[in-house]
Amino acid sequence: MHKMCHGASGFAPMMQGFAIFLRGRPSRLSATLPTTMSSSDDALVQLRNVTFGYGERVVLRDLSLTVPRGKVTAIMGASGGGKTTVLRLIGGQQRAQQGQVLLAGQDVGRMDAAQLYAARRRMGMLFQFGALFTDMSVFENVAFPLREHTDLPEELIRDIVLMKLHAVGLRGARDLMPSQVSGGMARRVALARAIALDPDLIMYDEPFAGLDPISLGTAAQLIRELNNAMGLTTIIVSHDLDETFRLADHVIILGPGTVAAQGTPDEVRASQDPLVHQFVNALPTGPVPFQYPGPSVAQDFGPVGAQQQGGGVS
């Protein structure tokens with residue numbers, strides 16, 4: 001693991017060179033969005049008074065948060081609290097029902113299809129469990145976004161793909177199929193694919209789920225090394241408290257539809273908010289209940305002993 005991490009950081013000058021090349025090279029969508037995401041402040045992503053729900057269920061209510069540029073930001077909280085929904089709103093898969101989702105100062109909710117497609121070219125997404133194309137080799141999976149979004153010659157695509165695979169320690173696995181790699185390796189292939197276009201923003205949805213301790217440590221170190229080497233802004237949605245707190249610069253804990261706490265990992269750990277205290281200490285009791293809301297026990301089963309008092313078995 002240690003050797004692999006040095007490989008990622010050792011490729012920093014080459015990665016930065018390719019980033020400048022890709023961002024400066026005209027693409028099929030270059031006319032619809034600036035080639036660099038720049039804004040007047042240090043926030044790459046901002047949610048302002050965002051409300052969103054699925055049907056009658058409100059998931060986010062008047063939510064405001066900021067993702068600082070160049071940092072690793074973790075979005076955490078209890079299951080069903082809207083963490084993955086935030087990623088979908090940033091990526092334009094969902095539109096806020098109220099409020100604004102700003103990417104480098106531009107409202108994602110107001111983008112047309114061409115603008116949104118161009119904005120996504122500046123994002124990388126690592127889905128839970130990788131989501132590799134099962135009928136493509138490792139090499140072809142990483143090459144896919146380069147072929148989809150650029151007009152680069154195949155010789156250059158080959159060099160970029162091998163560089164990205166080398167950065168995650170899998171250059172030698174280029175010809176394998178997804179069915180031939182382990183879960184941890186598949187996640188690293190997906191990471192190489194996510195950084196293929198040298199994005200400004202990369203989002204991870206549960207990058208540590210289902211990984212053994214060695215693979216988990218490798219993934220966490222790669223996320224940090226690549227963020228620093230490529231000058232990325234990183235958003236991580238994760239339930240792995242210890243590893244995420246070691247990795248993140250900025251932590252946001254979501255409560256019921258809003259922000260319960262945010263700050264550095266130490267600041268969040270010291271929060272006196274009852275929900276945050278329950279979450280960071282993994283307590284079974286607190287504001288987040290064990291039982292999903294529903295009818296009372298009496299409503300479902302009747303008064304205790306009523307059936308016995310009614311006379312026994314007929």
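Analyst: Let's start with contact, which here means heavy atoms within 4.5 Å. This is a predicted model, where local features need pLDDT of at least 70, side-chain atom pairs count only at pLDDT 80 or more, and totals for chains, interfaces and linings use all residues. Residues are numbered from 1 along each chain as its sequence is written, and side-chain values use heavy atoms, with hydrogens and water left out.

User: Okay, which residues does Thr-73 touch, not counting those up to four places away in sequence?

Analyst: Thr-73 touches Val-67, Pro-68, Thr-234, Ile-235, Ile-236, His-250 and Ile-252, with that sequence cut-off applied. Thr-73 sits in strand β3 (residues 72–77); strands are DSSP E runs of at least two residues, and helices are H or I runs of at least four, both numbered from the N terminus.

User: Is Thr-73 buried or exposed?

Analyst: Buried means under 20% relative accessible area, exposed over 50%, partly exposed in between (1.4 Å probe, protein chains only). Thr-73 comes out at 0%, so it's buried.

User: How many residues of strand β7 are buried?

Analyst: Five of the five in β7 (residues 201–205), so the strand is largely enclosed by the rest of the structure. Leu-201, Met-203 and Asp-205 cover one side, with Ile-202 and Tyr-204 on the other.
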